[in-house]
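Here is a short report on one protein chain. Please look over the sequence and the structure before reading on.

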Amino acid sequence: DDNDDVNWFLDADMSVLAKTPRAYDAYARCIRQEYIHIPHDVYCRARADILETFLQSSDGIYKTPCMRKALESRARENLQREIVSLRQGVIPGEKK
């Protein structure tokens, strides 16, 4: 089924959200570098807002039952931790 293929593809793409905290912080730092042209405060606010939409989804982050079971909890922990940091103006993994 095409939808199954799409869901597996999307879940694989989103699997980065469930990395270990240290690896996730390195990922978050890289994302910031992609958007370095955006002022720090704007970036922090906008990224936190976007990440919150992942947590608010009634379907969860992952679409396939296997990936949801394996990755959802850690992904949510990483997102929540990053949101808290961003709301304080801190990019996870960024040296001060």
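The report goes from the overall fold to one helix and then to a surface patch.

## Overall fold

This is a predicted model. The chain has four helices and zero strands. Read from the N terminus, its elements run α-α-α-α. The C-alpha atoms fill a box of roughly 45 × 20 × 20 Å along the principal axes.

## Contacts and surface

Of the 96 residues in the chain, 33% are buried. Among contacts with a separation of 6 or more, 69% are between residues 24 or more positions apart. The accessible surface of the chain comes to about 6200 Å². Carbon and sulfur atoms account for 55% of that surface.

## Helix 3

Helix 3 covers residues 40-56, which is 17 residues. At 1.5 Å a residue, helix 3 should span 24 Å.

Which residues of helix 3 are buried? They are Tyr43, Cys44, Arg47, Ala48, Leu51 and Leu55. Seen down the axis of helix 3, these buried residues fall within an arc of 120 degrees, so they line one face of the helix. They pack against helix 2 (21-34) and helix 4 (65-87).

## A nonpolar surface patch

Val6, Phe9 and Leu10 form a nonpolar patch on the surface. Together they have about 300 Å² of accessible area.

Phe9 is found in helix 1 (residues 2-14). Is Phe9 buried or exposed? Its relative accessible area is 59%, and exposed means over 50%, so Phe9 is exposed.

Conventions
Residues are numbered from 1 along each chain as its sequence is written. This is a predicted model: local features need pLDDT of at least 70, side-chain atom pairs count only at pLDDT 80 or more; totals for chains, interfaces and linings use all residues. Side-chain values use heavy atoms; hydrogens and water are left out. Helices (H or I, at least four residues) and strands (E, at least two) are DSSP runs, numbered from the N terminus. The expected span of a helix is 1.5 Å times one less than its number of residues. Buried means under 20% relative accessible area, exposed over 50%, partly exposed in between (1.4 Å probe, protein chains only). The arc is that of the directions from the helix axis to the C-beta atoms. Contact means heavy atoms within 4.5 Å. Patches are made of residues with over 30% relative accessible area and no salt bridge: like charges are joined within 9 Å, nonpolar side chains (Val, Leu, Ile, Met, Phe, Trp, Tyr) within 5 Å. Accessible areas come from the Shrake-Rupley method with a 1.4 Å probe; for residues, only the protein chains shown count as cover. A salt bridge is a side-chain nitrogen of Lys or Arg within 4 Å of a carboxyl oxygen of Asp or Glu.
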